[in-house]
Amino acid sequence: VADGRAKLNISSVSKMYRWLNLRAAVPGISHGSEDYEEDLGDPENWPDAERGSPGHIVLVHGFNVSPEEAESAAVETFKRLWQSGLDSAFTAVKWYGNGGQFRLPGYGTVSAAYYANALHAFETAPVLAQKLNALPGPKTVVAHSLGNVLVSSAVRDHGLACARYCMLNAAVASEAYDGGARSAGMVDPAWTNVP
């Protein structure tokens with residue numbers, strides 16, 4: 001009586017969003033055989049033409065996150081946003097914020113090189129600004145922890161244009177954004193009058 005056909009494509013959820021790999025942006029660091037390709041084109045399983053919003057949500061991870069952990073967090077974040085009704089493009093960013101990382105039995109992966117990775121954030125910021133500014137539509141950037149040093153430097157020092165910027169557990173003092181900001185109980189009295 002009837003004959004119908006449906007196009008069915010089964011592949012990874014990561015084919016529904018863009019991703020940007022900035023791990024090689026840090027000069028002088030050899031990453032061995034890591035894959036540094038990026039995919040900023042129209043996503044295979046959720047093309048821009050199928051979205052109602054022209055904007056982008058961009059996710060930037062923080063300190064001590066391996067490439068595999070960054071990919072896992074991006075997939076999980078995308079799925080949660082998708083299930084909540086996401087109608088914007090999604091772009092996940094990987095950067096070199098896990099320098100000095102090693103496995104510690106009972107604790108997982110750890111790094112004692114926080115300040116070196118903060119420097120990596122500043123070194124990566126110009127490339128982040130350039131790549132994200134090239135994406136179409138307004139951008140909402142969501143950054144976690146040390147990823148906020150990367151994004152803040154990209155905005156302040158390198159002209160990253162974003163409509164909104166959401167800081168999650170930002171590893172940046174509020175005084176970095178407002179020199180007059182003081183939180184009661186957060187400043188050691190010995191430092192109160194230090195310029």
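Which residues form one aromatic cluster? I looked this up in a predicted model. The members are Tyr17, Trp46, Phe78, Trp82 and Phe90.

**Aromatic pairs.** I counted eight aromatic pairs. I then took the pair of phenylalanine 63 and tyrosine 114, whose ring centres are 5.1 Å apart. Their planes stand at 80°, and planes over 60 degrees apart count as edge-to-face, so I noted this pair as edge-to-face. Phenylalanine 63 sits in the loop between S2 and H1, while tyrosine 114 belongs to helix H2 (residues 114–133), so the pair ties together parts that are 51 residues apart in sequence. I also looked up accessibility. Phenylalanine 63 has 21% relative accessibility and counts as partly exposed. Tyrosine 114 is partly exposed too, with a relative accessible area of 27%.

**Largest pocket.** I found a volume of about 310 Å³ for the largest pocket. Its lining has 18 residues, and those closest to the centre are Ser14, Tyr17, Trp19, Glu71 and Ala92. Tyr17 was already in my notes as part of the aromatic cluster. Strand S2 (56–60), helix H1 (67–83) and strand S3 (89–94) are the elements that give two or more residues to this lining. H1 gives the most, with four residues. Sorted by class, the lining has ten nonpolar, two polar and six charged residues.

**Strands S6 and S7.** I followed the chain through strand S6 (residues 139–144) and strand S7 (residues 164–168), which pair in the parallel sense over five bridges. In this pairing, alanine 143 stands opposite methionine 167 in S7. With helix H3 (residues 147–158), S6 and S7 make a right-handed β-α-β unit.

Note on methods. Residues are numbered from 1 along each chain as its sequence is written. This is a predicted model: local features need pLDDT of at least 70, side-chain atom pairs count only at pLDDT 80 or more; totals for chains, interfaces and linings use all residues. Side-chain values use heavy atoms; hydrogens and water are left out. On a 1 Å grid over the protein atoms alone, a cavity is a set of points where a 1.4 Å probe fits but cannot get out, and a pocket is an open set with protein on both sides within 12 Å along at least five of seven lines; lining residues have an atom within 4 Å of a point. Grid points are joined across faces, edges and corners, and a volume is the space filled by probe spheres set on the points. Ala, Val, Leu, Ile, Met, Phe, Trp, Tyr, Cys and Pro count as nonpolar, Asp, Glu, Lys and Arg as charged, and the others, Gly among them, as polar. Two strands pair if DSSP finds at least two bridges between them. A crossover is right-handed if, with the strands pointing away from the viewer, the path from the first strand over the helix to the second runs clockwise. Rings of Phe, Tyr and Trp (its six-membered ring) pair if their centres lie within 6.5 Å; planes under 30 degrees apart count as stacked, over 60 as edge-to-face and the rest as tilted. Buried means under 20% relative accessible area, exposed over 50%, partly exposed in between (1.4 Å probe, protein chains only).
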